[in-house]
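Please look over the model below with these notes beside it.

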Amino acid sequence: MKLILKLLAGMALGMLLGLYAPDPAQSLLLTFKGLFGQFIGFMIPLIIVFYIMHGIASLESGSGRMLGWTVGLAYGSTVLSGALAFGAASTVLPQWVGEAAQAPVAASAIALLFKLEIKPLFDVMTALTLAFVFGLGISATGATRLHELAEQGKDIVEKVLARVLVPLLPAYIACVFADMAAAGTAFATLQTFAVVLLLAIGLHALWLTLLYGVSGLLLGRNPLSLLRAMLPAYFTALGTMSSAATIPVALRSAGNMKVASPVVNFVMPLCATIHLCGSTITLVSCATAVMLMTEGLALPGWDVMLPFILLLGVTMVAAPGAPGGGVMAALGILSSVLGFPEAALALMIALYLAQDSFGTACNVAGDGVIALWVERLTLRAEPAMQNG
């Protein structure tokens, strides 16, 4: 929650600076914005390579049948939630946002002090391919040294995220809003923010209602009792903004749903890194809004968004446990598949972080449904009828 407050403070301060600061101060802000944006671009392929490689390689442990069902159900839930989000956002946002959505995300005419180009080691699709090849290869061959390399690389990237990127994001967002305020587009952007955040949180609630309602009906369980059992995990995730930090409470909550202990102990920690339905809903909803807001970007059809959602479900695997890790992992395909420029990526970061806690809470609450179905499909447990 502290990060959200810092983000909001950064937006407010950035707007004030953009409106009232002298040109030399704004030039300094824009120089920092340019340098930090270049560094984010440099880190994106490294995040993809090490996190996805490590995530895939780490799937080698555990029962093959249980692992297969857990991964399949988690990925299916993530993709379907993304499809729901795009269907709702592409229908609702153009009407709700109206003229505010058409305001271009423009840059001011103030010159930078200097420019420094930091080129990534490779592009996003190369990073994805490399991560898949080596991740699957490590899993198939048991290459311990490569596994250690992937794990150590992930640890280094995670420290950069936790100690450099995430702490400096509020300052970066302040510079972005200073630029937009100087260009006269900041207030229209903020009007859109409120609508998008309400839509994303509403879609989280809808998706959890569908998951528990349908699962309760098919499994012969009381959906309200199931949801009530997961509420402690939901509210813990709301406060921590981290699925990983919520694992102890999620384990206890899933146990309170009367799911078998072996399933709980296997599924809940794994789903903390691979089941990201809430984060996907937010990313797709925010991406739709940013495309409507950004001059030069057109809202695509399903032929573009479905591959994007399918890639997003994979890219988010083992996303960093730190707040904001999900959007940082997704920046690569936002730029490569949807063509987001730097200003649009900055808006995505701001929108995502503003509701990160709700997306994480949706992720964790949804993990309980995965555990219910894995128990049913692997242990052939008889559905227990519950009335309360």
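1. In this predicted model, the axes of helix α12 (residues 325-336) and helix α13 (residues 342-354) come within 10 Å and cross at roughly 150°; α12 and α13 are therefore roughly antiparallel to each other, a term for angles over 145 degrees. Axes are lines fitted to C-alpha atoms over the stretch in contact, with angles from 0 to 180 degrees between N-to-C directions, and helices are DSSP runs (H or I, at least four residues) numbered from the N terminus.

2. On the α12 side, Gly326, Val327, Met328, Leu331, Leu334 and Ser335 make the contact (heavy atoms within 4.5 Å), and on the α13 side Leu345, Met348, Ile349 and Tyr352 do. These residues divide into 8 nonpolar, 2 polar and no charged, where Ala, Val, Leu, Ile, Met, Phe, Trp, Tyr, Cys and Pro count as nonpolar, Asp, Glu, Lys and Arg as charged, and the others, Gly among them, as polar.

3. How many cavities of 30 Å³ or more does a search of the whole structure find? The search finds 1, a cavity being a set of points on a 1 Å grid over the protein atoms alone where a 1.4 Å probe fits but cannot get out.

4. The lining of the largest cavity (residues with an atom within 4 Å of a point) consists of Ser243, Thr246, Ile247, Ala250, Met268, Ala272, Val364 and Asp367, and α8 (247-256), α9 (261-274) and α14 (356-378) each supply at least two of the lining residues. By class, the lining divides into 5 nonpolar, 2 polar and 1 charged.

5. Residues are numbered from 1 along each chain as its sequence is written, and side-chain values use heavy atoms, with hydrogens and water left out. As the model is predicted, local features need pLDDT of at least 70 and side-chain atom pairs count only at pLDDT 80 or more, whereas totals for chains, interfaces and linings use all residues.

Note on methods:
Angles under 35 degrees count as roughly parallel, over 145 as roughly antiparallel, 65 to 115 as roughly perpendicular and the rest as oblique. On a 1 Å grid over the protein atoms alone, a cavity is a set of points where a 1.4 Å probe fits but cannot get out, and a pocket is an open set with protein on both sides within 12 Å along at least five of seven lines; lining residues have an atom within 4 Å of a point. Grid points are joined across faces, edges and corners, and a volume is the space filled by probe spheres set on the points.
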